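Student: I have a model open and would like to learn how to read its contacts. Could you walk me through it?

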Amino acid sequence: MSVSQALPGTHRRDMDAYRLRHGHGGGHGGHDFPTGHGEGGPAPRHVVVAYGFWIFILSDIIMFSTFFAAHAVLATATAGGPSGTVMFNPANVAWETTALLLSSFTCGLSAVATRARSLVWTEIGLLITGVLGVAFLVLECREFASFVARGASPEASAFLSSFFAVVGCHGLHVTAGLLWLGTMMAQVFVKGFRPDILRRLLCFNLFWHALDIIWVALFTIVYLIGLGR
Amino acid sequence: MHLNPARSLRPAHAAARHTSSCLLAPLRAPLFLAPLLFLSACDGILDPRGPIGNADGLIMLNSLEIMLAIVIPTLVAALIFAWWFRASNTRARYLPHFDYSGRLEVIVWAIPILVILFLGGVIWIGSHDLDPSKPITSRNQPINVQVVALDWKWLFIYPDQGIATVNQLVVPADTPIHFSLTSASVMNVFFVPQLGSMIYAMNGMVSQLWLQADRQGDYFGESAQFSGDGFSGMHFTMHAVTSADFNTWVNGVRQGRGPTLDWTGYLDLAKQSQNVQPYVYRTVDLSLFRAISTQSLPPGPGPKTGRSGEQAHPRPEG
Amino acid sequence: MLGKLTWQAIPFDQPIPLVAGGVVFLILVAVVIWIIVKGHLPYLWNEWITSVDHKRIGVMYMLLSLVMLLRGFIDGLMMRSQQALAFRAPGYLPPEHYDQIFSAHGTIMIFFGAMPMVIGLMNFVVPLQLGVRDVAFPTLNSTSFWLTATGALLVNVSLVVGEFARTGWLPYPPLSEATYTPGVGVDYYVWALQISGVGTLLTGVNFVTTILKMRAPGMSYLRMPVFCWTALASNLLIVAAFPVLTATLAMLALDRYLGFHFFTDTAGGNQMMFVNLIWAWGHPEVYILVLPAFGVFSEVIPTFSGKPLFGYRSMVAATLFICIVSFTVWLHHFFTMGAGGDVNGVFGIATSIIAVGTGVKIYNWMFTMYGGRIRYTTPMLWSVGFIVTFVIGGMTGVMLAVPPADFELHNSLFLVAHFHNVIIGGVVFGGFAGLTYWFPKAFGFRLHEGWGKASFWFTFIGFYATFVPLYVAGLLGMTRRLQEYDVASWQPWVLAAGVGVLVTLVGAVCQVTQLVVSILHRDELRDETGDPWDGRSLEWSTASPPPAFNYAVLPNVQGEEPYWEIKRRAIETQQLAAEPDYKPIELPRNSPTGFITAFFATITGFALIWQIWWMVVVGLVAAYLVFVVFAWRDVTEYEIPASEVAAIDRARRTARQQWLDTHARVGEQV
């Protein structure tokens with residue numbers, strides 16, 4: 001992988017995430033030194049965008065927490081039907097986890113390629129991320145289908161409702177992420193590494209990694225604890 | 001509001017208890033609340049007729065008094081400041097730089113904190129002493145009543161007497177009543193305002209409540225959780241009678257011509273109906289309450305198409 | 001083809017909603033025709049509908065709020081009149097209809113009346129007070145507004161197409177499950193709130209980011225106006241609480257649509273979990289509403305007392321204290337569900353603890369007035385009215401926080417009177433205070449004082465006339481949501497409340513009249529300088545209305561109350577600060593994204609309600625495409641040349657200089 005030598009000057013501000021260089025403060029008349037108390041005027045655009053997206057991710061985590069809390073309440077409400085211990089297939093879950101964690105890794109690699117402004121490697125990284133994401137979804141859909149085929153559908157018990165909802169919610173987020181991924185791949189291809197597209201790629205990366213974190217929590221709370229019950 | 005002169009005579013046996021008649025209630029609350037109590041026509045929560053109601057009401061008035069001790073000076077001060085410091089009052093001092101005072105800060109934080117500490121004690125003790133499931137001790141044996149909230153009527157089963165009633169609760173006065181409550185369908189709340197606390201009734205669960213009517217009388221009862229179109233009709237009367245009268249009534253029901261309540265009859269009763277007139281069942285299947293609360297009997301059906309069904313009133317047998 | 005939708009959805013057999021719907025429809029058509037014929041459509045489209053300017057969006061939120069407050073108030077009038085007539089009589093509203101009305105009343109008032117009111121005020125004021133040009137994400141801001149409008153639209157459409165929920169404003173299961181509510185009412189509720197909830201959540205993200213990351217140079221946290229602190233706390237609560245609502249309503253929707261068992265009676269569903277989850281959102285929600293109102297009073301009272309806010313730091317501390325503790329009290333909404341003495345005791349104590357924060361604020365406002373020279377303009381009247389009313393309402397709240405008292409007062413009219421006491425006394429009074437206070441900044445002319453004072457007095461007296469009888473009725477044992485009753489001792493109080501609400505109606509009429517009269521007489525009420533009240537915070541340094549860029553040059557903030565300092569210096573030196581070095585300013589372009597996204601959200605919502613699945617897919621795909629089109633833009637900003645910036649700002653400086661020339665002495669007020 002080659003790192004491009006000459007970085008265009010307009011990108012410098014975006015890469016100076018910790019504002020170690022003076023000069024491009026605030027944007028509209030701000031001071032040159034960040035004080036940590038926001039006294040330097042409005043923060044640069046990429047900081048604002050990333051911060052806002054973090055806040056959004058925090059809110060999404062709270063939404064997932066609500067589903068987790070419901071699952072904690074309903075995990076034993078099997079209404080005489082199957083529980084996690086009999087249903088869950090650890091191997092399948094392990095493959096799903098592998099696929100998703102690997103996809104996070106490849107997403108990170110694509111971010112490195114973006115930093116180096118390599119279109120080809122960015123696209124390849126994103127593509128592999130997408131393929132792994134699709135693999136994750138396929139495994140999950142097959143798991144759902146096998147449960148339903150055995151009569152363990154969400155209408156059967158509160159436990160199953162909660163299981164399908166929390167895992168399905170995560171799956172929906174992955175699906176939306178893949179849609180976003182495809183859109184980003186198209187955008188980068190057509191428009192190149194413009195500042196606003198770089199910001200969006202940053203947000204996408206945050207989102208994809210956050211999904212990974214949620215999966216770790218989900219995998220622990222739903223599958224591991226469920227298997228041990 | 002017109003007072004019944006007979007109420008000014010306290011029955012001797014009630015002397016040892018915390019009963020409050022309309023006349024005496026003002027003595028236990030600050031005088032300025034007295035007009036409110038008189039205006040209340042001596043009904044509802046401010047005219048309790050049982051130990052739970054008395055205790056609940058007392059705590060309510062006490063917390064009101066505690067709060068008024070702060071609120072009234074605050075409001076008076078606010079209005080005085082608002083009036084005195086109006087711009088047209090040239091006698092008032094203008095203090096344009098008075099925006100901080102350490103002493104005042106300590107006071108304005110301390111006053112609410114102290115009140116809350118005190119109130120916290122009332123809350124903690126009260127929540128435990130008056131928990132609805134806490135039994136009432138009495139020299140009289142408690143009566144058990146199983147309550148099923150239906151759409152849109154109340155079913156009262158007397159497991160020890162083997163009878164049941166709809167929308168009518170007859171109990172002996174001066175006797176603790178132990179209620180076990182569940183719902184046939186949606187959430188409801190069982191509430192007799194003059195006797196005290198209310199409690200949720202939910203399908204698949206059993207909640208517990210203890211109440212007692214100190215004196216004979218008729219007490220209004222209702223549901224305090226909206227449950228659908230027939231909700232307004234979901235009230236009943238609680239008749240507190242003497243022990244002897246209660247036994248007479250029970251025997252009368254057992255030997256009467258009321259229908260029997262079995263599982264089939266219950267399924268019929270569980271269909272939606274409104275404004276059901278009170279009636280009695282001369283016998284009842286004693287497994288019914290447990291079956292309902294554990295869902296051996298399914299929850300009641302809902303409406304057919306969004307409109308509620310017509311009245312269901314089974315005809316007496318025989 | 002059209003799912004569950006048939007002609008029977010339209011209530012041809014019910015005159016009241018039919019006539020109401022018909023009247024509203026005719027009014028809307030007339031307004032639209034007038035707009036088109038008069039040629040206002042391009043102006044509306046370019047300047048308002050596609051605007052991403054926080055000031056315009058704030059005004060639109062306020063407009064939505066006022067219209068919805070009126071609709072909710074009409075529902076309230078119907079409820080009071082029905083109860084006044086319904087002593088051992090059926091009244092004029094059968095249960096199926098009455099139940100929808102009280103459910104719509106609560107839903108509309110909270111979600112589409114009060115929320116837009118506080119969000120509208122925050123939208124308009126916060127960037128101006130922070131000394132910046134706009135919020136962090138302007139197009140997202142526009143989308144938030146239009147999604148809220150979508151929710152309001154869906155709820156109102158339910159009046160004439162189908163029905164609304166008949167469960168109360170919080171749809172407790174099992175009543176709200178498909179078994180017991182098979183109709184579309186709860187579905188209208190769910191999707192209207194899910195859609196507008198997305199909008200609200202995005203507002204929360206937007207404002208938290210703006211307040212924490214975008215302030216004028218020199219404005220550290222402890223130099224922010226208290227309104228911005230309360231806006232921050234309120235938006236943090238939005239970010240933390242609204243996801244809970246989204247998840248909970250999603251669970252209810254899964255139950256209703258796909259037969260899941262989150263909250264059903266059977267198969268292990270847990271109805272108590274709904275109550276817990278919904279109130280884990282619901283309690284922070286009321287603080288989301290009231291904290292900005294507290295912020296309004298923290299601006300209004302210092303301004304009209306002529307002194308700084310007393311105890312700035314403890315106000316900030318109290319605000320953050322309330323923000324955090326508001327998440328620890330939710331169980332007090334269902335003490336009677338039988339959790340036991342320990343649990344009830346803990347939550348009762350937590351609830352009374354939160355009263356400490358509010359008490360501190362009340363005292364700080366009082367000591368702001370102390371030593372002041374108070375001018376009783378309409379906003380100040382609302383503020384004093386608030387102090388009196390909110391303290392009483394808070395007191396009844398602390399009474400309800402004591403579980404044994406709540407065991408008798410839960411769900412009674414005492415409870416209803418309490419929460420109206422705090423919401424009307426806090427949020428509505430604060431909203432009207434803020435409306436009257438910032439109206440000249442938004443439109444360049446003040447609201448008519450006389451009609452404002454009339455509106456205050458009638459609303460204030462009307463509130464007590466309506467709700468004090470309801471407190472009494474609650475103490476007499478009357479529970480809420482009764483369509484008919486037969487307890488004689490309740491009747492006089494219900495009748496009294498029915499009369500009292502007519503006094504409030506006069507207040508509402510005065511409020512509308514105030515708007516109309518002010519617009520007609522706007523030239524006499526003109527705000528020439530931009531500082532009609534002798535204000536203390538930065539927004540009063542701009543012209544009225546401010547230019548699109550707010551500030552030609554971002555102000556350099558030295559202390560609290562920066563504008564007050566600027567004014568003092570100008571008066572003492574008898575000159576304005578030196579003219580700044582004007583530069584071109586880039587602003588975000590307007591965009592139809594918000595409006596069009598909301599359009600497709602409406603279609604998707606309607607289709608989900610009536611289970612028209614192909615339309616759902618179309619709506620979702622179209623919404624995604626709108627997003628892609630927006631993301632594909634190459635030109636996102638437009639530039640205002642330095643010369644134009646200079647011209648606009650010089651006009652402002654001229655007006656200020658003229659004011660200076662005629663007011664030579666320190667301390668002289670406008």
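Tutor: Gladly; we will go from chain contacts to domains and then to the core. Keep in mind that this is a predicted model.

Student: Which chains share the most contacts?

Tutor: Two pairs of chains are in contact, and of these chains B and C share the most. Chain A and chain B, by contrast, do not touch, and their nearest C-alpha atoms are 11 Å apart.

Student: How should I think about the size of an interface?

Tutor: Interface size is often given as the accessible area lost when the parts come together. Here we can count residues instead. Between chains C and B, the contact takes 76 residues from chain C and 79 residues from chain B.

Student: Which elements of chain C supply at least two residues of the side that touches chain B?

Tutor: They are α4, α10 (341-369), α11 (378-400), α12 (403-409) and α14 (449-475) of chain C. The largest share of that side comes from α10(C), with 16 residues. Sorted by class, the side of chain C that touches chain B has 41 nonpolar, 26 polar and nine charged residues.

Student: And how many residues does the contact between chains A and C take?

Tutor: This contact takes 43 residues from chain A and 43 residues from chain C. On the side of chain A that touches chain C, the elements giving two or more residues are α2 (45-74) and α6 (158-191) of chain A. Of these, α2(A) gives the most, with 16 residues. The class division for this side of chain A is 21 nonpolar, 18 polar and four charged.

Student: What domains does the assignment give for chain C?

Tutor: Chain C has domain 1 (1-305), domain 2 (315-369) and domain 3 (373-527). Taken over C-alpha atoms, the centres of domain 1 and domain 3 of chain C are separated by 20 Å. Their contact takes 37 residues from domain 1 and 33 residues from domain 3 of chain C. On the domain 1 side, α3 (54-85), α4 (95-130) and α8 (271-305) of chain C each give two or more residues, and α3(C) has the largest share, 12 residues. That side of domain 1 has 27 nonpolar, seven polar and three charged residues.

Student: Which residues have the most contacts inside the largest nonpolar core?

Tutor: They are V147(B), F190(B), V118(C) and Y188(C), in a core of 344 residues. Take V118(C) as a case: leaving out residues up to four places away in sequence, V118(C) touches S234(C), L289(C), P292(C), A293(C), V427(C) and G431(C).

Note on methods
Residues are numbered from 1 along each chain as its sequence is written. Chains are lettered from A and ligands numbered from 1 in the order in which they are written. This is a predicted model: local features need pLDDT of at least 70, side-chain atom pairs count only at pLDDT 80 or more; totals for chains, interfaces and linings use all residues. A nonpolar core is a set of buried Ala, Val, Leu, Ile, Met, Phe, Trp, Tyr and Cys residues joined through C-beta atoms within 7 Å. A residue is buried if 20 or more other C-beta atoms lie within 10 Å of its own, exposed if 12 or fewer, and partly exposed in between; C-beta atoms are placed from the backbone. Two residues are in contact if their C-beta atoms, placed from the backbone, lie within 7 Å. Domain bounds come from an automatic or database domain assignment. Helices (H or I, at least four residues) and strands (E, at least two) are DSSP runs, numbered from the N terminus. Ala, Val, Leu, Ile, Met, Phe, Trp, Tyr, Cys and Pro count as nonpolar, Asp, Glu, Lys and Arg as charged, and the others, Gly among them, as polar.
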